[in-house]
Amino acid sequence: MALRVNAYAAPSAGEPLAPITIERRAVGENDVLIAIEYAGICHSDIHTVNGDWGPQPFPVVPGHEIVGRVTEVGAAVTEHKVGDRVGVGCFVNSCRECDNCRNGDEQHCSTPGGGVGTYAAKDRDGTFTQGGYSTHVVVDAHFALKVPEGLDPAAATPLLCAGITTYAPLKRWGAGPGKKVAVVGLGGLGHMGVKIAHAMGAEVTVLSQSLKKQEDGLRLGADHYYATSDPATFETLKNSFDLIVNTVSAPIPVDDYLGLLAVDGTLVNVGAPAEPLSVNVFSLLAGRRNFAGSMIGGIALTQEMLDFCAEHGIGADVEVISADQINEAYARVLASDVRYRFVIDTATLG
């Protein structure tokens with residue numbers, strides 16, 4: 001039987017989020033019902049409900065950083081049981097049959113429609129998904145991750161997006177001992193990138209607009225911290241890095257950052273600005289440099305990330321808020337006034 005649950009939704013583009021009641025599907029044989037404990041606020045949520053990424057199927061319940069407890073399992077589910085703490089990230093379905101899905105890259109599902117986002121996406125049954133700003137969610141058990149009990153659930157919540165978004169490129173491009181890694185921006189994504197790169201053993205530098213968060217950056221694990229507003233930074237650090245992970249969701253002078261790479265170095269963009277970025281091809285030819293993109297990770301890699309974070313005692317730095325503070329939190333995210341991730345206590349949804 002379908003379940004009616006409390007949630008917070010954006011009624012239309014740019015409008016404040018407000019309480020709503022939504023319907024969750026009945027638990028199928030491969031599904032789990034999750035009583036949500038915490039839901040993170042991602043900059044992507046704000047981009048989506050503001051219409052920055054195109055028209056949306058309003059009303060939209062955002063939220064793709066979800067941690068909670070399993071309260072019901074379908075008859076065919078073997079990987080989870082009632083009482084398990086689980087997480088749900090940025091997608092909740094894929095074909096699971098194409099080459100990408102079989103290779104563990106479900107986020108790059110190549111069938112028509114691709115992977116199904118956790119909210120504002122058309123699911124394979126034709127309904128639109130609604131996200132984690134709610135009390136419960138029903139998902140296919142394959143797309144529910146095991147959250148190690150050693151992780152604080154509130155601090156673990158942003159790992160389902162910010163954690164995997166930074167872990168994936170750091171793992172893919174070999175961050176580790178002997179490698180020099182720079183993280184551009186010390187926000188929700190960037191602070192996770194610093195923590196994870198440090199735990200991997202890399203020499204970590206933060207590149208931020210100013211030095212106002214320098215103390216935080218060093219505390220989080222950075223070895224060095226530079227202000228990109230100072231032109232001398234780009235001279236001092238020329239040809240320095242094996243890997244730069246750009247986490248900001250705003251335009252940057254790509255060519256200037258490419259100049260900071262050593263031979264065969266890679267600049268990976270994980271931030272998602274609404275505006276296009278431009279690059280001069282000579283910035284790539286010089287030093288055989290690479291300009292790449294990375295988007296979250298598959299289910300297996302996300303589980304690996306959660307286990308890695310539990311092993312190294314890594315969680316996000318969070319500010320836990322009540323549901324009636326969501327709109328204020330959105331304004332603060334846009335003003336860069338959070339250190340470093342808002343997490344909604346979904347018990348406050350009633």
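## A tour of helix contacts, spaces and backbone points

Start with α4 and α10: G163, I164, Y167, A168 and K171 of α4 meet L301, T302, E304, M305 and F308 of α10, where contact means heavy atoms within 4.5 Å. Helices (H or I, at least four residues) and strands (E, at least two) are DSSP runs, numbered from the N terminus. By class, this contact of α4 with α10 has 6 nonpolar, 2 polar and 2 charged residues; Ala, Val, Leu, Ile, Met, Phe, Trp, Tyr, Cys and Pro count as nonpolar, Asp, Glu, Lys and Arg as charged, and the others, Gly among them, as polar.

The model is predicted: local features need pLDDT of at least 70, side-chain atom pairs count only at pLDDT 80 or more, and totals for chains, interfaces and linings use all residues. Residues are numbered from 1 along each chain as its sequence is written, and side-chain values use heavy atoms, with hydrogens and water left out.

Select the whole of α10 (residues 299-312) with α4; they pack at an angle of about 100 degrees, and their axes are 10 Å apart. Axes are lines fitted to C-alpha atoms, for helices over the stretch in contact, and angles run from 0 to 180 degrees between N-to-C directions. The two helices are therefore roughly perpendicular to each other; angles under 35 degrees count as roughly parallel, over 145 as roughly antiparallel, 65 to 115 as roughly perpendicular and the rest as oblique.

To see the contact, select A162, G163, T165, T166, Y167, L170 and K171 of α4 with G188, L189, M192, G193, I196, A197 and M200 of α5. The classes here are 8 nonpolar, 5 polar and 1 charged.

A search of the whole structure finds 1 cavity of 30 Å³ or more. On a 1 Å grid over the protein atoms alone, a cavity is a set of points where a 1.4 Å probe fits but cannot get out, and a pocket is an open set with protein on both sides within 12 Å along at least five of seven lines; lining residues have an atom within 4 Å of a point. The largest cavity has a volume of about 60 Å³, a volume being the space filled by probe spheres set on the points, with grid points joined across faces, edges and corners. Select G89, C90, F91, F143, L145, L160, I164, I296, G297, I299 and T302 to show its lining, which divides into 8 nonpolar, 3 polar and no charged residues.

Move to the second largest pocket, with a volume of about 340 Å³. Of its 18 lining residues, E23, R24, R25, T127 and F128 lie nearest its centre. The elements giving two or more residues to this lining are β2 (18-24) and β8 (136-140), and β8 supplies the largest share, 4 residues. By class the lining has 8 nonpolar, 4 polar and 6 charged residues.

Finish with the backbone. The peptide bond from F58 to P59 is cis, with omega near 0 degrees; P59 is in the loop between α1 (43-49) and β4 (66-73). Another cis peptide bond joins R339 and Y340, with omega about 5 degrees, and Y340 is in the loop between α11 (326-334) and β17 (341-345). Last, select N239, which has a positive phi of about 60 degrees although it is not a glycine. N239 lies in the loop between α7 (232-236) and β13 (241-246).
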